[in-house]
Amino acid sequence: MVRTVYVNGEYLPESEGKISIFDRGFLFADGVYEVTAVVKGRLVDHDSHMQRLARSLQELRMGWPCTRAELDAMHLELIRRNRLEEGIIYMQVTRGAADRSFNFPKEAVKPTLVAFTQTMNLVNNPNAVTGIKVITTPDLRWARRDIKTVMLLAPSLGKQEAYEKGCQEAWMVENGRVTEGTSSNAYIVKGGKVVTRGLSNEILAGCTRRALLRLASEYGIEIEERAFTPEEAYGADEAFLTSASQFVMPIVEVDGHRIGGGQPGPVVRKLREIYLEEAGK
């Protein structure tokens, strides 16, 4: 089946989805994005993603490409047209197309909106059984990581470094403390307590993170929001990450140090279980 994509109000075969070479997302990374999981043909944490989109647009002084209701309808239509049962929807908004200038366009420019689906094995991801390996790498990003921009070169370099070292993710480190993963939030578990960095402009407020911390609280799992060092991670009982495309993913090795005997531990297994129960409703 030919995948259908969305470009500025039109549903098109993916081979026909095109934007202007003058688009500011292409020229300046002047855009934001969201990735929403789909399970059993239904959107997961969609309202949280739309709330974060609104904040990102506001922080960049960027206009909405359409109404919230139209965005919701577009997501559902892409699910329908692509018969998506499980996977993700990627949506990107840029400031639009205009002659190249560092300043914002003087004349009104309509934002560019594109979206597409990807089929993925989210619920029964085999990595959730074995756990994954991560490395640490210097955090080279700009200072506003709380805005979900398309400026992803530094995370891409970190992710590539991880892959080349036989790992699946990289945790970025700044001033001796882990900030977050290249495409995920980072956590360790010590003595049954989950430790993760508190929200600020230094990390992205993950939608999966938000849902998981709420569920953990409901199940009596203690959360401590603070920065932790790579050395703390090496000595942790468990470690894991969260993201829209991996949900809750166990980590069994950090920088070559085996975590928790090299297999997913009870806390992360429980957290993944309760998150999947929530996502499957």
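Buried means under 20% relative accessible area and exposed over 50%, with partly exposed in between (1.4 Å probe, protein chains only). With that in hand, select Cys-167: its relative accessibility is 7%, so this cysteine counts as buried.

A word on what is loaded in your viewer. This is a predicted model, in which local features need pLDDT of at least 70 and side-chain atom pairs count only at pLDDT 80 or more, while totals for chains, interfaces and linings use all residues. Residues are numbered from 1 along each chain as its sequence is written, and side-chain values use heavy atoms, with hydrogens and water left out.

**Stop 1: the cysteines**

Stay with cysteines and move to Cys-207. Is Cys-207 buried or exposed? At 5% relative accessibility, Cys-207 counts as buried. The structure holds zero disulfides, a disulfide being a pair of cysteine sulfur atoms within 2.5 Å. For Cys-207, the nearest cysteine sulfur belongs to Cys-66 and lies 18 Å away.

**Stop 2: the largest core**

Next, select Val-194, Phe-240, Val-248, Leu-271 and Tyr-275. These residues touch the most other members of the largest nonpolar core, which has 22 residues. A nonpolar core here is a set of buried Ala, Val, Leu, Ile, Met, Phe, Trp, Tyr and Cys residues joined through side-chain atoms within 4.5 Å.

Helices (H or I, at least four residues) and strands (E, at least two) are DSSP runs, numbered from the N terminus. Which element gives the most to this core? That is α8, with six residues.

A second, separate core has 20 residues, and Met-50, Cys-66, Met-74 and Met-91 are among them.

**Stop 3**

Centre on Tyr-275 and show its contacts, meaning heavy atoms within 4.5 Å. Leaving aside neighbours within four places in sequence, Tyr-275 is in contact with Val-44, Asp-45, Thr-208, Ala-211, Leu-212, Leu-215, Phe-247 and Val-248.

Zoom out to the two helices. The axes of α6 and α8 come within 10 Å and cross at roughly 110°. Such axes are lines fitted to C-alpha atoms, for helices over the stretch in contact, with angles running from 0 to 180 degrees between N-to-C directions. That makes α6 roughly perpendicular to α8; angles under 35 degrees count as roughly parallel, over 145 as roughly antiparallel, 65 to 115 as roughly perpendicular and the rest as oblique.

To see the contact itself, select Thr-208, Ala-211, Leu-212, Arg-214, Leu-215 and Ala-216 in α6, which meet Leu-271, Ile-274, Tyr-275 and Glu-278 in α8. By class, this contact has seven nonpolar, one polar and two charged residues. Ala, Val, Leu, Ile, Met, Phe, Trp, Tyr, Cys and Pro count as nonpolar, Asp, Glu, Lys and Arg as charged, and the others, Gly among them, as polar.

**Stop 4: two positive phi angles**

Most residues other than glycine have a negative phi. Asp-45, although not a glycine, has a positive phi of about 55°. Asp-45 sits in the loop between β4 (42-43) and α2 and is partly exposed at 22% relative accessibility.

Phe-247 is likewise not a glycine and has a positive phi of about 60°. Phe-247 lies in strand β14 and is buried, with a relative accessible area of 1%.

**Stop 5: His-46**

Select His-46, in helix α2 (residues 46-59). His-46 is buried, with a relative accessible area of 12%. Residues up to four places away in sequence aside, His-46 touches Thr-36, Arg-68, Asp-72 and His-75.

**Stop 6**

Go to Glu-202, in the loop between β11 (193-196) and α6. Glu-202 is partly exposed, at 29% relative accessible area. Beyond four places in sequence, the contacts of Glu-202 are Arg-141, Arg-145, Glu-174, Thr-179, Glu-180 and Arg-197. Try the distance tool on Glu-202 and Arg-141: they are 61 residues apart in sequence and 9.4 Å apart in space, C-alpha to C-alpha.

Arg-141 leads on to Ala-154, which contacts Leu-140 and Arg-141 when neighbours within four places are left aside. Ala-154 lies in helix α5 (residues 153-164) and is partly exposed, with a relative accessible area of 22%.
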